[in-house]
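Have a look at the structure below, and then read on.

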Amino acid sequence: MAKLLSNARVGVRVYLDEANQADFLDSEVDRAINFAYHDLVSEVMEVYQEYYLTTTPTYLSTVANQQEYTMDTSLLKIERVEINYKPSDANSVAYRAIPIKMNQIVDRVGNTSSPAGIYNPGYYIIGSQASQKIGFIPIPTEAGTNNISIWGIQAPSDLSASTDPILIPYPDRFAHLIEQKAAADLLRKGQQEEATAARYITEYMSEVLRMKTFLVERQSDGVNMIQDAEQDNVGFDVPLY
């Protein structure tokens with residue numbers, strides 16, 4: 001069963017023993033809930049980031065002879081990139097672009113031309129998340145529409161409406177952790193209940209570890225292993241385009 005912001009509000013006020021706003025305003029409760037929500041999301045991502053993997057990619061359109069394109073700022077991590085270098089050809093398909101580091105590019109970055117036929121598609125990321133750009137090697141020579149597809153790990157937005165769902169795995173079991181941490185942060189207001197707040201935080205941290213252990217054991221039916229998928233060598237002999 002989904003858990004909503006309205007459920008978290010009620011739960012926090014149960015911890016605070018304050019059914020209606022008095023010492024703690026509704027706006028303060030929502031603020032604390034969102035801080036706790038994002039803290040728990042970050043804990044989930046450490047062991048189960050695929051839960052926040054986009055199901056529909058972000059689409060970008062190539063501009064002829066333009067190497068770099070503005071990224072979706074909500075993506076915390078890119079998981080897969082595909083690009084079609086010949087969108088004018090009805091028989092052309094997109095291929096996976098391999099992640100590369102900017103210093104692996106033997107030519108210049110921000111270029112308007114590229115050596116022909118020596119690389120498979122590669123991409124690099126440059127800039128901070130708020131203004132991040134993705135660049136491609138070789139540089140696209142044709143304009144296209146939605147011929148770049150990007151999948152990634154996407155951070156959930158703040159909860160604002162009462163019906164906004166709490167996006168964590170198994171919310172019936174773990175949504176109360178958001179309530180507990182939010183209540184702890186609120187009880188520190190004016191040093192009202194420092195001892196109680198400290199106990200709630202200790203319990204929260206212990207329960208987070210239990211949650212992470214639970215998620216590690218259930219996110220995959222295979223064994224844990226180290227997998228090399230970096231594929232840093234971009235000097236391939238056979239181009240895909």
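What follows goes from the overall fold to helix packing, the cores and a few backbone details.

This is a predicted model, in which local features need pLDDT of at least 70 and side-chain atom pairs count only at pLDDT 80 or more, while totals for chains, interfaces and linings use all residues. Residues are numbered from 1 along each chain as its sequence is written, and side-chain values use heavy atoms, with hydrogens and water left out.

**Overall fold**

The protein chain has five helices and seven strands; both are DSSP runs numbered from the N terminus, helices being H or I with at least four residues and strands E with at least two. Along the sequence, the pattern reads α-α-β-β-β-β-β-β-β-α-α-α. Of the 241 residues in the protein chain, 39% are buried. Here buried means under 20% relative accessible area, exposed means over 50%, and partly exposed lies in between (1.4 Å probe, protein chains only). If you take the contacts between residues at least 6 apart in sequence, 75% of them join residues at least 24 apart, where contact means heavy atoms within 4.5 Å.

**How the helices pack**

Axes are lines fitted to C-alpha atoms, for helices over the stretch in contact, and angles run from 0 to 180 degrees between N-to-C directions.

| Helix pair | Axis separation | Angle |
|---|---|---|
| α4 and α5 | within 8 Å | roughly 155° |
| α1 and α4 | 8 Å | about 50° |
| α2 and α5 | 9 Å | about 35° |

The axes of α4 and α5 cross at roughly 155°. That makes α4 roughly antiparallel to α5; angles under 35 degrees count as roughly parallel, over 145 as roughly antiparallel, 65 to 115 as roughly perpendicular and the rest as oblique. The crossing of α4 with α5 is left-handed, a term used if the near helix is turned anticlockwise from the far one by less than a right angle, with right-handed used if clockwise. Residues in this contact include Leu177, Ala184 and Leu187 from α4, and Ala197, Tyr204 and Met211 from α5. By class, the contact of α4 with α5 has 10 nonpolar, three polar and four charged residues. In this scheme Ala, Val, Leu, Ile, Met, Phe, Trp, Tyr, Cys and Pro count as nonpolar, Asp, Glu, Lys and Arg as charged, and the others, Gly among them, as polar.

Beyond its neighbours within four places in sequence, Glu207 is in contact with Arg173, His176 and Leu177. Leu177 is 30 residues away from Glu207 along the chain, yet their C-alpha atoms are separated by 7.5 Å.

α1 and α4 pack at about 50°, and are therefore oblique to each other. Their crossing is right-handed. Among the residues that make the contact are Ala8, Val12 and Tyr15 of α1, and Ala183 and Leu186 of α4.

α2 also passes α5 in a right-handed crossing. The residues of that contact divide into 10 nonpolar, no polar and four charged.

**The nonpolar cores**

A nonpolar core is a set of buried Ala, Val, Leu, Ile, Met, Phe, Trp, Tyr and Cys residues joined through side-chain atoms within 4.5 Å. In the largest one, of 36 residues, Val12, Ile33, Leu40, Ile166 and Ile168 touch the most other members. At least two residues each come from α1 (5–16), α2 (26–48), α4 (176–187) and α5 (194–218). The most are given by α2, with 10 residues. Apart from this core lies another, of 14 residues, including Leu60, Ile83, Tyr123 and Ile134.

**Backbone details**

Most residues other than glycine have a negative phi, and most peptide bonds are trans. Ile137 and Pro138 are joined by a cis peptide bond, with omega about -5°. Pro138 sits in the loop between β6 (133–137) and β7 (148–154).

Asp17, in the loop between α1 and α2, has a positive phi of about 55°. Asp17 counts as exposed, at 72% relative accessibility. Asn65 also has a positive phi, near 65°, and lies in the loop between β1 (58–60) and β2 (68–70). With a relative accessible area of 37%, Asn65 is partly exposed.
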